[in-house]
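Me: Can we go through the pockets and a few helices of this one? I'd like the plain version.

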Amino acid sequence: MSTATPSGEYPKLDVDPFSFDFLCDPYPFHEQLREAGPLIWLQRYRVWAMARHSEVHAALSDWQTFSSSAGVGLSHFGKEKPWRPPSIILETDPPLHTRTRGVLMRILSRPALAQLQTTFQAEADSLIDKLIARGSFDAVTELAEPYPLKVFPDAVGLVSEDRDNLLPYGNMVFNAFGPRNPLFDEAMKHAEPVRAWMMAQCRREALRPDGFGAQVYGYVDKGELNEDEAGLLVRSLLSAGLDTTVYGLGNALHCFANFPDQWTLLRSDLSLVRAAFEEVIRYASPVQTFFRTTTKAVDLAGVRIGESEKVLLLLGAANRDPRKWEEPNRFNIQRKAAGHVGFGAGIHMCVGQAVARLEAETILTTLAKKVKAINLTGEAAWRLNNTLRGLDSLPISLIPA
């Protein structure tokens, strides 16, 4: 954060992107921020912010100027000690990022993910058949959470049956990217046991020999990683296929329950499944914000940003920018949503995006084949988080095809 208010002409707003009002309904605030200008000074946190698609995408794509290695949250790793060892994927830049991301991309290759299709499909069929038989249920706690918690940790080679700990761990990680507010304090109440559990699961001896995690440690044996780096990469691997998928699935079901015409359209043409999930990520972005830190003074929109300044990138706002999208506030699965920043952009684009797509497309395809209608049976409840936007509860009923 800056220690002094910069001089010059630019919008200065007292908007708090981490307030309850903002997190409960971000879209009016997004519009205010977008329309204020390409670069905004947030007075409360003394940081810069970008909410338009063009500027957000450009900053995400320019790691040399807008760095991740000082942390992708409000905290500046050059000035504050991180609460956990930083991610060597998300919170690093080249050359370390190039080496570690290269390992994960080889492990999560297209052929490797294709081999998961059979087990992912079998789990989807089993779960959805049970839920159809029940009729009414909570789509978050009984579908969006348990499916990713089963299929991808299995693929990584996680043995522990206590994998529900992955959810509070993710909640801590994403809340920690924001300020030290009540959401952060609540998430961190039981941080140490959950963090210790997480790191224990990432050790070589805790993983099955036939999973992705064991493959990570194979690169230690080849001399491309050290043992500590491998543990951190397994941690990143477990996160990569979980949080965005849980929130993405919940948001997808919420969208289709609220826009039944789009569900009818999807059922009539299953080739739209991939486009439908991309539209969910654009329209109801699970990851709403990330920070970057300037590595040098940079001129943007006629304003000079100093070196080592934090810049808030509002991905959710960028994904509904009318300068980029026609009718951006309309959920339309026939839209070409390519170019959204819901999974980021540039070299730090989400390493688990292919996993999230595979899980979501498997669930949506299976539902579309078996379910005529998705109906809301109660009021949806949002789960407030400093970085993520998703549901805590979504009561629905499924009408069989």
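**Pockets and helices**

Reply: The lining of the largest pocket splits into nine nonpolar, three polar and five charged residues. Here Ala, Val, Leu, Ile, Met, Phe, Trp, Tyr, Cys and Pro count as nonpolar, Asp, Glu, Lys and Arg as charged, and the others, Gly among them, as polar. This is a predicted model, where local features need pLDDT of at least 70 and side-chain atom pairs pLDDT 80 or more, while totals for chains, interfaces and linings use all residues. Residues are numbered from 1 along each chain as its sequence is written, and side-chain values use heavy atoms, with hydrogens and water left out.

Me: What volume does the largest pocket have?
Reply: About 380 Å³. A pocket is an open set of points on a 1 Å grid over the protein atoms alone, where a 1.4 Å probe fits, with protein on both sides within 12 Å along at least five of seven lines; lining residues have an atom within 4 Å of a point. The volume is the space filled by probe spheres set on the points, which are joined across faces, edges and corners.

Me: How much space is in the second largest pocket?
Reply: About 250 Å³. Its lining includes H190, D243, Y247 and R383. α9 (166-175), α10 (182-187) and α14 (243-258) each give two or more residues to the lining of the second largest pocket, and the largest share, five residues, is from α9.

Me: Switching topic. Why is α8 largely enclosed by the rest of the structure?
Reply: Because eight of the eleven residues of α8 (residues 146-156) are buried, meaning under 20% relative accessible area with a 1.4 Å probe, protein chains only. Among them are Y147, L149, F152 and V156. Just after α8, G157 has a positive phi of about 105 degrees.

Me: At what angle do α14 and α15 cross?
Reply: Roughly 105 degrees, and the axes of α14 and α15 (residues 260-268) come within 5 Å. Axes are lines fitted to C-alpha atoms over the stretch in contact, with angles from 0 to 180 degrees between N-to-C directions. That makes α14 roughly perpendicular to α15, a label for 65 to 115 degrees.

Me: Which residues meet there?
Reply: F256, A257 and N258 in α14 meet P260, Q262, W263 and L266 in α15, with contact meaning heavy atoms within 4.5 Å. By class, five of the residues in the contact of α14 with α15 are nonpolar, two polar and none charged.

Note on methods: Helices (H or I, at least four residues) and strands (E, at least two) are DSSP runs, numbered from the N terminus. Buried means under 20% relative accessible area, exposed over 50%, partly exposed in between (1.4 Å probe, protein chains only). Angles under 35 degrees count as roughly parallel, over 145 as roughly antiparallel, 65 to 115 as roughly perpendicular and the rest as oblique.
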